[in-house]
Amino acid sequence: MTSITLDHVQKQYDSGTDIRLDATVGAGELFTLLGPSGCGKSTLLRMIAGFVAPTSGRILFGDKDVTGMAPNRRDTGMVFQNYALFPHMTVAENVAYGLKTRRIGRKDRKPRVRAALEQVGLAGYAARRIDQLSGGQQQRVALARAVVIAPTVLLLDEPLSNLDAKLREETRAEIRRVQTEAGITAVYVTHDQAEAMAMSDRIAVLDAGRVHQIDTPDTVYHCPATAFVARFIGRSNVVPVRVEHVEEQSVRVSLSDGAAVTPPPPNFEVAAGDELALSIRPETLGFTTPEDGLFKGRVSVREFNGATSTYTVASEEMSLQVTVSDSGTRPQLGDSVSVGITAGRPWLVRP
Ligand code: ADP
């Protein structure tokens, strides 16, 4: 297993686009580059693969500096969105391809191809043609083809984007299982936060070429570093607040309507008078009595999610989303309600 170090890596395109990342991917880790389209995910992945040269900085696999090394010498396995399989070859021939180009003899190829197909749950499909497979199966062939060469590093570029929702969930679990079992260090690119949360050991959240946070899914969700992260990961009410008073265990802030909230201290310096933002997850809010409420407003939207419903409650000053179990209170559209924090804690973020 090998770590990957992106040592102050920067790519500057002639267009002026500037993409930067300074991070280390631990050996055996599944590390996700997550962000909206155009934030620089593919560029970073291509720099790790060797298809794009960084403008400055170094890339290391373990202790080995690979910055100037050609892609075919880096020992990476790649899985792409569009599978990139050979349609005229069988499943086994596709998987064997990488071994052939590495001059591994037929006798040694056979058991390795069989093992790789077993790994991805396609043991009985060796003789099938690619066009006789579903999209999910094709992506598993692509995964088998990437892992059969026992690469040092596995790079995945939006591998599930062409699959429908149900298949996406199944295939992501499959990719995660294969990556963990094979113990390969992996860098995974996606714009889908749910996918990133479900699969990753750690996530780098990017926007416009800059990293906002690198943390575990749990920390990124519960302790977002910035308003962007709070909005991009899951849903959140991000409201402007003013710091009134700082204590060791909590910070007292006031909302625009004057209501006071005491979130825990964030991991950056705060002082009385600071204008910050508060991330309040909809599921931490509930309907309360007027005395316990933080906010009063009218229900303007109700969205039924199955086990829960999400209500939009709006006043003249602001609007909050409230997610509650569908078995509890069910206000009607237009009802006047009080909303308060009923579970969990809000979190202070940089605006
Ligand atoms: P993502 O994968 O997150 O969608 P990309 O890495 O593809 O983002 O692109 C990041 C930014 O860099 C975009 O603004 C894109 O237009 C720009 N970009 C990507 N490739 C090139 C290139 N070859 N030349 C100039 N600009 C590029």
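A polar contact is here a pair of N or O atoms within 3.5 Å, where within protein one atom must be able to donate a hydrogen and the other to accept it, and residues adjacent in sequence count only if both atoms are side-chain atoms. The model is predicted, so that local features need pLDDT of at least 70 and side-chain atom pairs count only at pLDDT 80 or more, while totals for chains, interfaces and linings use all residues. Residues are numbered from 1 along each chain as its sequence is written, and side-chain values use heavy atoms, with hydrogens and water left out.

**View 1. Gln213 and its contact with Ala225.** The side chain of Gln213 reaches the backbone nitrogen of Ala225 at 2.8 Å. Gln213 belongs to strand S10, residues 210-215, where helices (H or I, at least four residues) and strands (E, at least two) are DSSP runs numbered from the N terminus. With a relative accessible area of 6%, Gln213 is buried, a word that stands for under 20%, whereas exposed means over 50% and partly exposed lies in between (1.4 Å probe, protein chains only).

**View 2. Lys296 and the protein as a whole.** Lys296 sits in strand S16, residues 295-304, and is exposed, with a relative accessible area of 53%. The C-alpha atoms of the protein fill a box of roughly 75 × 45 × 35 Å, taken along the principal axes, and the secondary structure comes to eight helices and 20 strands. Of the 351 residues in the protein, 49% are buried.

View 3. A nitrogen atom of the ligand is 3.3 Å from an N or O atom in the side chain of Tyr13, while an oxygen atom of the ligand is 3.0 Å from an N or O atom in the side chain of Lys41. A polar side-chain atom of Thr43 lies 2.5 Å from an oxygen atom of the ligand. Taken alone the ligand exposes 560 Å², and the protein buries 60% of that, with areas from the Shrake-Rupley method and a 1.4 Å probe.

**View 4. The largest pocket.** The largest pocket has a volume of about 480 Å³. Of the 17 residues that line this pocket, the closest to its centre are Thr76, Gly77, Met78, Arg102 and Ile149. A pocket is an open set of points on a 1 Å grid over the protein atoms alone, where a 1.4 Å probe fits, with protein on both sides within 12 Å along at least five of seven lines, and lining residues have an atom within 4 Å of a point; the volume is the space filled by probe spheres set on the points, which are joined across faces, edges and corners. Strand S6 (76-80) supplies the largest share of the lining, four residues.

**View 5. The second largest pocket.** About 380 Å³ of space lies in the second largest pocket. Its lining has 15 residues, of which Ala92, Glu93, Ala96, Lys110 and Val113 lie nearest the centre. Helices H2 and H3 (106-119) are the elements that give two or more residues to this lining, and the largest share, six residues, comes from H3.
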